Amino acid sequence: MALSWVLTVLSLLPLLEAQIPLCVNLVPVPITNATLDRISGKWFYIASAFRNEEYNKSVHEIQAAFFYFTPNKTEDTIFLRQYQTRQNQCIYNSSYMNVQRENGTISKYEGGREHFAHLLILRDMKTFMLAFEVNDEKNWGVSVYADKPETTEEQLGEFYEALDCLRIPRSDVVYTDQKKDKCEPLERQHEKEKKQEEGEGQHEKKKQEEGES
């Protein structure tokens, strides 16, 4: 399970930020408040392609995955709630990621060190990519995410362009299948609990206001 967050959101190995290939859609840009607003909310992990054999083996274990990004603009962090389906079982975890605005990267501590990935905002407002190890030809990789589990060929166009630029065969792409998702019941339970907590909080606030009046 140590690689679970890697395969959905970030790469296990550190991403060196200097030698990005000269591909238009792989050039990182600074992260702004507008960027954080854009990636806030629910996202589905659609597909990825890795040259690293270990990653290739592991991504085949992910049947479906989705997650929630909740950015904190003041602290430059992102609260991550992640749902993965593996071996027909739902795996849930939550954690915090750091935002490096000027570098255009997001990162997470794992195994005693910080691991980075470049956040790549696409022309399609409903998708984004993360680029992994693009300075290391043996370990190049790209993942794509969308706000819905189903995507069109047009939406995946920039993802395929990135693969072509990195010389990763499109036949190496591993896709998820949201029809195999087993996490929806847990997500509904979490949403129900969240609404109950919010309702109780509002009720308590109302009682305090009435007591002060």
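Author: Let's start with a definition: buried means under 20% relative accessible area, exposed over 50%, and partly exposed in between (1.4 Å probe, protein chains only). By that scale, glutamate 191 is partly exposed, with a relative accessible area of 24%. This is a predicted model, where local features need pLDDT of at least 70 and side-chain atom pairs count only at pLDDT 80 or more, while totals for chains, interfaces and linings use all residues. Residues are numbered from 1 along each chain as its sequence is written, and side-chain values use heavy atoms, with hydrogens and water left out.

Reader: OK, covalent links next. How many disulfides does a search of the whole structure find?

Author: The general idea is a pair of cysteine sulfur atoms within 2.5 Å. Here the search of the whole structure turns up one disulfide. It joins cysteine 90 to cysteine 183, S to S 2.1 Å. The pair links distant parts of the chain, 93 residues apart: cysteine 90 sits in strand S4 (residues 89–100), and cysteine 183 in the loop between strand S9 (174–175) and helix H5 (184–212). Those labels are DSSP runs numbered from the N terminus: helices are H or I with at least four residues, strands are E with at least two.

Reader: Why is the disulfide of cysteine 90 and cysteine 183 called right-handed?

Author: Look at the torsion about the S-S bond: it is about 110 degrees, so the disulfide is right-handed.

Reader: And is cysteine 183 buried or exposed?

Author: Cysteine 183 is buried, at a relative accessible area of 0%, whereas cysteine 90 is partly exposed at 27%.

Reader: Now the charges. How many salt bridges does the structure hold?

Author: A salt bridge is a side-chain nitrogen of Lys or Arg within 4 Å of a carboxyl oxygen of Asp or Glu. The structure holds nine. Among them is lysine 73 with aspartate 37, whose closest N and O atoms are 2.6 Å apart. Lysine 73 lies in the loop between strand S2 (62–72) and strand S3 (77–86), and aspartate 37 in helix H2 (residues 33–39), so the pair ties together parts 36 residues apart in sequence.

Reader: Which residue does glutamate 191 form a salt bridge with?

Author: Arginine 81, with the closest N and O atoms 3.7 Å apart. Glutamate 191 is in helix H5 and arginine 81 in strand S3, so this pair ties together parts 110 residues apart in sequence. Arginine 81 counts as buried, at 13% relative accessibility.
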